[in-house]
Amino acid sequence: MNNITTEEVTRLPETINFPAEEEKVLSYWQTEKVFENCLRQSKGKPRYTFYDGPPFATGLPHYGHILAGTVKDIVTRYAHQQGYHVERRFGWDCHGLPVEYEIDKTLNIRGPEDVARMGIKAYNNECRKIVMRYANEWEQIIGRMGRWIDFKNDYKTLYPWYMESIWWVFKQLYVKGMVYQGVKVMPYSTACTTALSNFESGQNYKEVTDPAVFVSFPLVGDKDGAALVGWTTTPWTLPSNLACCVHPELGYARVKEVKTGKVYVLMECRLDALFKGPEHYEILERFPGAALAGKRYEPLFDYFRKYEDVAFRVLTDTYVTEESGTGVVHQAPYFGEDDYRVCLANGVIKRDQEIICPVDASGKFVEPVKDFAGQYVKDADKAIIKLLKEKDRLVLASQVKHNYPFCWRSDTPLIYKAVPSWFVRVEHMNKQLLSCSSQTYWVPEYVKEKRFGNWLREARDWAISRNRYWGTPIPLWISPDGKEIVCIGSIDELERLSGVRVTDLHRENIDHIEIPSAVPGNPPLRRITEVFDCWFESGSMPFAQNHYPFENPTEFMNNFPADFIAEGIDQTRGWFYTLLVISTALFNKAPFKNLNVTGLVLAADGQKMSKRKKNYPDPMEVVHKYGADALRLYLINSPVVRAENLRFKEEGVRDIIKDVFLPWFNAFRFLFQNVDRFAKEDGVVYRYDPVRHAEKRSTNVMDVWIISFKESLLKFVTEEMKAYRLYTVVPRLTRFIDQLTNWYVRMNRKRIKGEYGVDDCYHALDTLYDVLLAMVKMMAPFTPYLTEFMFQRLRMLSKDTLDGSVHYQMMPASNPRYINVEIERAVA
């Protein structure tokens, strides 16, 4: 900003338009390529490695992105100030549900048949068109927020070299015996027609009201004509009922309903769930659940009577609880994880049999459930309840309010459904995962120990395959009989085995490629149709963004693991988890050393921010009104950097201007006013001389105090930033601004104005200048715009040449010689 005139320096206006000044600073950074110069300046210095978690560009950045981006920006700017070379590459998540769901909505695609008619090539081309829909807006918004990150040297999960590294990662897992195919009951999105991993399903719970029905299962040959009473909140699973389960050790009762004379069997402590009071029933007999084991009952429907030899009997398992229902749990083995486990253990189903799942990919009933064929399962609840009533199998229909998982992408209810899938073994690694996690440092620590630690202890095998189109294809080629499998780990290996050279790895380019069988006369191997879960791609980014191991493997390993990552608390079950699983499996080490976890930014009323409800101000409107620095400081000086929730209030941003920036600016302006007065009234052209200041130390107690306070603050900032505790640094910095403006400047006005002579005026001006210069260097990572504005003017008052930007300056080290704890305590 070499175009600042002397007039502008000496005659600072009384008021300042912070957003307008930020625009000028941004223009200066862009024109002078200040970020690029910083990277050139630090080339050859020790590396500080940072991984940026990739967002999708199918939507605009929200406050969560801005918050995490600000944390990342502060830490990486500070690392540069400490003498490190900090590469900052932006990354983009390009594949998977977020993109496909948009295309399915736009083109009215209802299921796999529609894609088949359209063709995978055409479908993927549509996906490719929207992948970077908002990329320009992202770049503008992130740039305007003052975040420095390299968009030109980015990584995208759709780059062929990125996808090739994904293949390499998968092959390592395959060679280690960590990949298998199996059937598992999984959370399933009917809107996106794909299964989700267990951590994806935990990302979007909502409180909903669902039907809760009590259903009778008449016991075959019972002397009283008694019926078990089961309870479910998913009536749509009842057509697939194959068994009932009770707790073997807990107490059950045979009771007669006074009004009807009907005899029911259920858990004794759950009688209140069915009857309004003890006067409505008579207990005929008490017994443990084990007494019911093996008893047969009449099926609810005839759809699956062909399994009668093994099905429609009572099983026992300790997962049955006393907390809800009747203690009799209806079992639809292909629609519930515990149902599947219990029915498999008791021989109701076999691992390798056909899946009994009369629901298609879109969540609609199919044959043999003819009564509800074509109906979406949730919509069929009412019709099922009606039919049960007609069959005299409905004991009671009610409703229940409970938390239920919704698809994180389509915002539609998930169902649980058996899906053939490819898995990565994780359960055997629990101890390794916990051990690798223990080598990492988290802020705040409790998130690692509790939320993340608990998740790792319960870690399940990871379903990594998706029956979708726009993603990295899983590189498994299999013979028609399934006995011969080849896993491909690179483009070269594919060419070597198939004779076909490809440059792009998307499905339309490789699905047709065959690999000859190793057995003479056998048919060739074809690729399985599935693609990778996009979380597998983002979890592999440390390797894939560097095209490891195909390029610069030594350089990569020298800088692995990363020094730092930061994202929101929702990533404890997302990116943090997948990063750790893949890195532990490959190298038995964590992929990062330090991690900052941020909380959620909510609307002012404590609700989730919603575009539909318009319950929050647009981030860019806030920036245009108050400036990016004010928004940055508001977010960083809040509970959200301690992984707690923040209720966003626009007046909080306004208060940063009022309580922090204006007093700071006024102290800064006061210095320049008095430099101007010094020249006009005393004929002294003031220039700050660090040598003069060091040799002629002021003994004035206020000067000694504020300099001591500054040196103590430098020491504190260095210690706390080393520990990544941003939430302790900002309050101390803002307190220092308060002490400087409300105490030092106020009590030294006469000295600064020269009322006690030229020498004392020098002491006061030198002290104020020294403190303000240290202040802009300290605050530069936090408020990059305002500190640049001030530095460009402060450097014109320096005898020593201070070149370029404040962001070229290193963080000053604390000088213990000038720390006087007693004076600090006395003045405080």
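The model is predicted: local features need pLDDT of at least 70, side-chain atom pairs count only at pLDDT 80 or more, and totals for chains, interfaces and linings use all residues. Residues are numbered from 1 along each chain as its sequence is written, and side-chain values use heavy atoms, with hydrogens and water left out.

**Domains**

- The protein chain is divided into domain 1 (195-418) and domain 2 (650-827). These bounds come from an automatic or database domain assignment.
- The C-alpha centres of domain 1 and domain 2 are 71 Å apart.

**Helix α5 with helix α7**

- Helices (H or I, at least four residues) and strands (E, at least two) are DSSP runs, numbered from the N terminus.
- Helix α5 (residues 97-107) and helix α7 (residues 120-130) have axes that come within 9 Å and cross at roughly 110 degrees. Axes are lines fitted to C-alpha atoms, for helices over the stretch in contact, and angles run from 0 to 180 degrees between N-to-C directions.
- That angle makes α5 roughly perpendicular to α7. Angles under 35 degrees count as roughly parallel, over 145 as roughly antiparallel, 65 to 115 as roughly perpendicular and the rest as oblique.
- The crossing of α5 and α7 is right-handed. A crossing is right-handed if the near helix is turned clockwise from the far one by less than a right angle, and left-handed if anticlockwise.
- From α5, the contact takes Val99, Glu100, Glu102, Ile103, Asp104 and Leu107; from α7, it takes Tyr123, Glu126, Cys127 and Ile130. Contact means heavy atoms within 4.5 Å.
- The contact of α5 with α7 has 6 nonpolar, no polar and 4 charged residues. Ala, Val, Leu, Ile, Met, Phe, Trp, Tyr, Cys and Pro count as nonpolar, Asp, Glu, Lys and Arg as charged, and the others, Gly among them, as polar.

**Helix α14 with helix α15**

- Helix α14 (residues 430-438) packs on helix α15 (residues 445-457) at about 155 degrees, with axes 9 Å apart. That makes α14 roughly antiparallel to α15.
- Their crossing is right-handed.
- Asn430, Leu433, Leu434, Ser437 and Ser438 of α14 make the contact with Lys448, Phe452, Gly453, Leu456 and Arg457 of α15. This contact divides into 4 nonpolar, 4 polar and 2 charged residues.

**Helix α27 with helix α29**

- The axes of helix α27 (residues 726-747) and helix α29 (residues 758-779) come within 12 Å and cross at roughly 165 degrees. The two are therefore roughly antiparallel to each other.
- α27 passes α29 in a left-handed crossing.
- Residues of α27 in the contact include Leu733, Phe736 and Tyr744, and those of α29 include Ala764, Thr767 and Met779. The contact of α27 with α29 has 13 nonpolar, 1 polar and no charged residues.

**Aromatic rings**

- The whole structure holds 57 aromatic pairs. Rings of Phe, Tyr and Trp (its six-membered ring) pair if their centres lie within 6.5 Å; planes under 30 degrees apart count as stacked, over 60 as edge-to-face and the rest as tilted.
- Phenylalanine 50 and phenylalanine 564 have ring centres 6.0 Å apart and planes at 25 degrees, so the pair is stacked.
- This pair links distant parts of the chain, 514 residues apart: phenylalanine 50 is in the loop between α3 (34-42) and α4 (63-81), and phenylalanine 564 is in strand β23 (residues 562-568).

**Backbone features**

- Valine 443 and proline 444 are joined by a cis peptide bond, with omega about 0 degrees. Proline 444 sits in the loop between β15 (441-443) and α15.
- The peptide bond from tyrosine 548 to proline 549 is also cis. Proline 549 is in the loop between α19 (541-544) and α20 (553-558).
- Aspartate 411 is a residue other than glycine with a positive phi, near 60 degrees. Aspartate 411 lies in the loop between β13 (394-405) and β14 (414-424).
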